[in-house]
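Let's work through a few exercises together, one step at a time. Have the sequence and the 3D view ready, and try each task before you read its solution.

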Amino acid sequence: DDLVDAKNLMGKILENNGDIEKAMTYFSAALEKSKQLKYRKGEADSYLNISGYYYRKEDLETSKLNIDKALEIYEEQNDKDGIGRAYIEYATHYWKKDDLETAVEYDKKSLELYEELGDLEGVAINLCGIGIYYSDILKDYEGALAKYERAQNIFEENGYKRHMPYSLNNMVSISLKTGNYSSAISHLKKLSRVVKELGYGDKVEQGNLDVISSVYTSMGKYKSAIIDLEKSLKVYKNINDREMIAYCYAMLGMNHYLDENYQVALEYLKKSRDISSKIRITDNDLVIELYSNLTYKHLGQELDLTKLKNLIKETESFGYTTNLFLHQLFKDKVYLENAFIALEKKYPSGCDSTSDLSEEYSCTNLFDNLDTVWQSSSNICQEETITFTFKEPIFLEFMVFQNPESTTVLEESIIVATLGITSDNESKYFVSKELEHDNTSQWIDINSAIL
């Protein structure tokens, strides 16, 4: 019996180190020996381990057949721990097949068993699986986060470090979905430390650090993103990973553009273009062409839109940020409309203004889905304030401002010159933007949680 257990254990060690083929030889040997010895638990464990091998090879049907064999033996032996582990494998199988309803049922059955056994490790693993269901199906992010946090606490308090990346990755995902970027950064930094301690390798750790830089970009903290990207660039240069070097150059170019360091942005984007061309990768092309042309525009240089137009034709859809920048370049309202489609809209529950011209030109017109405007009651330059109220917290990524295309209702055409944005939340967020003296739409970065 000990020999069978030793072979299965050795196979798991090899599997965790990424050598799944050699691991399979140990699992197969363990299965054969357990049959010879009529060691039923060892036989079931071997089937379950073999199912993991086929799962990693993406042969899901063979994987499931081996889970079936393992579960049959565990049930015959009334091995509740084994039954719970088999349920976890079934859940993983159905997650992979995008059958989340079936997957969560197995997670719940496994959770019930492990709670009965007092097996905290099994409880925590299943909490993560159920959390995914809450997040991806129910869209209950608060409920999902509660499951992940409980799992993370169990892993930490009981020394189950090898499982911590599972809960931390999911906590990062929830933080990003809800716009809680500060929490995402905190979880990512902890995740980086954990994977380093677990010996996952520099590339996995570096991958987490790259995500941190992208979160800083989403937060509008471009200088912090640049600092992390420069650290990453140094690592990738040391290991001569030219694909990731090109990626870092592209991201540095984008962040320098967003931080209004236009000449530096062009230098990094050119470096990324040169390396990408030499090693024949196209992953960075859209970033390079989009931000290069945006930079040319700011520097008053001639645009080169040929390649960018071809990339647009080849791409099915873009996120809101890309659509907004494309709108800036091409002045095509289609991109602006596509940007708003990509967002989850949350409308104000009400608004108030220091003045308005009439009911037809009140501030409610700014969120009534119609092509209407707000106008002050005055036709002279003076400060006006519009206050919007929301029933729930929001994350305000950006706003698009446009002076009315026609102000014939007024004696003179008065347009807004400076826009100030503030909120009454604890952060006392404030930004002031000097606007272009025209009536074209202007994009203003906000990147702030509004409570």
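**Exercise 1. What share of the 451 residues in the protein is buried?**

Step 1: Start with the term: buried means under 20% relative accessible area, exposed over 50%, and partly exposed in between, with a 1.4 Å probe and protein chains only. Step 2: By that rule, buried residues make up 44% of the 451 residues. Step 3: Keep in mind that this is a predicted model, where local features need pLDDT of at least 70, side-chain atom pairs count only at pLDDT 80 or more, and totals for chains, interfaces and linings use all residues. Residues are numbered from 1 along each chain as its sequence is written, and side-chain values use heavy atoms, with hydrogens and water left out.

**Exercise 2. How many helices and strands does the protein have?**

Step 1: Helices (H or I, at least four residues) and strands (E, at least two) are DSSP runs, numbered from the N terminus. Step 2: Counting them gives 18 helices and 6 strands.

**Exercise 3. Describe the aromatic pair of Tyr291 and Phe325.**

Step 1: A pair of aromatic rings is described by the distance of the centres and the angle of the planes. Step 2: Rings of Phe, Tyr and Trp (its six-membered ring) pair if their centres lie within 6.5 Å; planes under 30 degrees apart count as stacked, over 60 as edge-to-face and the rest as tilted. By this rule the protein has 10 aromatic pairs. Step 3: For Tyr291 and Phe325, the centres are 5.4 Å apart and the planes make 70°, an edge-to-face pair. Step 5: Tyr291 is buried at 5% relative accessible area, and Phe325 is buried at 3%.

**Exercise 4. Is the aromatic pair of Phe330 and Tyr335 stacked, tilted or edge-to-face?**

Step 1: The centres of Phe330 and Tyr335 are 6.0 Å apart, with 35° between the planes. Step 2: That makes the pair tilted. Step 3: Phe330 is partly exposed at 23% relative accessibility, whereas Tyr335 is buried at 15%.

**Exercise 5. Which cysteines form a disulfide?**

Step 1: A disulfide is a pair of cysteine sulfur atoms within 2.5 Å. Step 2: Searching the whole structure turns up 1 disulfide. Step 3: Its partners are Cys351 and Cys363, with sulfur atoms 2.1 Å apart. The link of Cys351 and Cys363 is right-handed, with 95° about the S-S bond. Step 4: Cys351 belongs to strand S1 (residues 350-353), while Cys363 is in the loop between S1 and strand S2 (386-389); the two are 12 residues apart. Step 5: Cys351 is partly exposed at 21% relative accessible area, but Cys363 counts as buried at 5%.

**Exercise 6. Where does His187 lie, and what is it in contact with beyond its neighbours within four places in sequence?**

Step 1: His187 is part of helix H10 (residues 181-197). Step 2: His187 counts as buried, at 15% relative accessibility. Step 3: Contact means heavy atoms within 4.5 Å. Leaving aside neighbours within four places in sequence, His187 touches Leu168, Met171, Val172 and Ser175.
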